[in-house]
Amino acid sequence: MSAEADAVDEVEDTGYKGPAKKSVDEMKNLDADDEALNRWKATLLQGAESAGDGPHVKVESMVVVGVDKGKLEGPPAELSLDLTDASQLESYKDKSKAFVFKEGAEYRIKVDFIVNREVVSGLKLVNQIKRKGIKIPGGKTTDMLGSYGPKKEAQSAFGQANDVPKGMMYRGHYTVHSEFVDDDKTCHFAWDWCFDIKKDWS
């Protein structure tokens, strides 16, 4: 899915202008005498030769993991959505598919994705959280994930650490609209999901 990122109130315009797009070959030849830059380019472009010709960015899964990027405090050890099966996407909005978060728990969101053909700059995960259809204070978050070069294998990016609110007033059902956006405000994928905040993990 590729569209302009406008479903989450549009991504804020901070005035920042991303770098001009360059092909993989152009990047390899850029400032060839700069040793530090060459090391960074080697890391960014490692595996570019074997990258595929599919969509520029193909999002494969969203996984909720522990704040240390390992297991949740759960059970469960993690919470995940397969974003490659179009027939399942609509079902993730159903209350019966809601993730359960224990109040006060700490977590991060991990996104697994494949980059094809060219470098993608300034990836962001933008989430808009609502309760009973109403936006909640602080419910829009933007995780800056960085730039990634093309690779055949899936790559992973981790969002910022988050705390689940604690207290009776926060318990209940929430819906989330998520978008995977780059510096050009291109939304490479968008999906909807939901979660419940409870006193425990079940």
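What we have here is a predicted model, in which local features need pLDDT of at least 70 and side-chain atom pairs count only at pLDDT 80 or more, while totals for chains, interfaces and linings use all residues. Residues are numbered from 1 along each chain as its sequence is written, and side-chain values use heavy atoms, with hydrogens and water left out.

Let me start with the overall fold. The protein has three helices and 11 strands, where helices are DSSP runs of H or I with at least four residues and strands are runs of E with at least two, numbered from the N terminus. Read from that end, the order is β-α-α-β-β-α-β-β-β-β-β-β-β-β. Of its 202 residues, 41% count as buried, meaning under 20% relative accessible area with a 1.4 Å probe and protein chains only, whereas exposed means over 50% and partly exposed lies in between.

Now to the loop between strand S2 (57–65) and strand S3 (79–82), where Pro75 sits. A cis peptide bond joins Gly74 and Pro75, with omega about 25°, and another cis peptide bond, with omega about 0°, joins Pro75 and Pro76. That loop between S2 and S3 also holds Lys69, which is not a glycine and yet has a positive phi of about 70°; at 46% relative accessibility, Lys69 counts as partly exposed.

Finally, Lys132 lies in the loop between strand S6 (120–131) and strand S7 (134–148). Its phi is near 55°, a positive value in a residue other than glycine, and Lys132 counts as exposed, at 78% relative accessibility.
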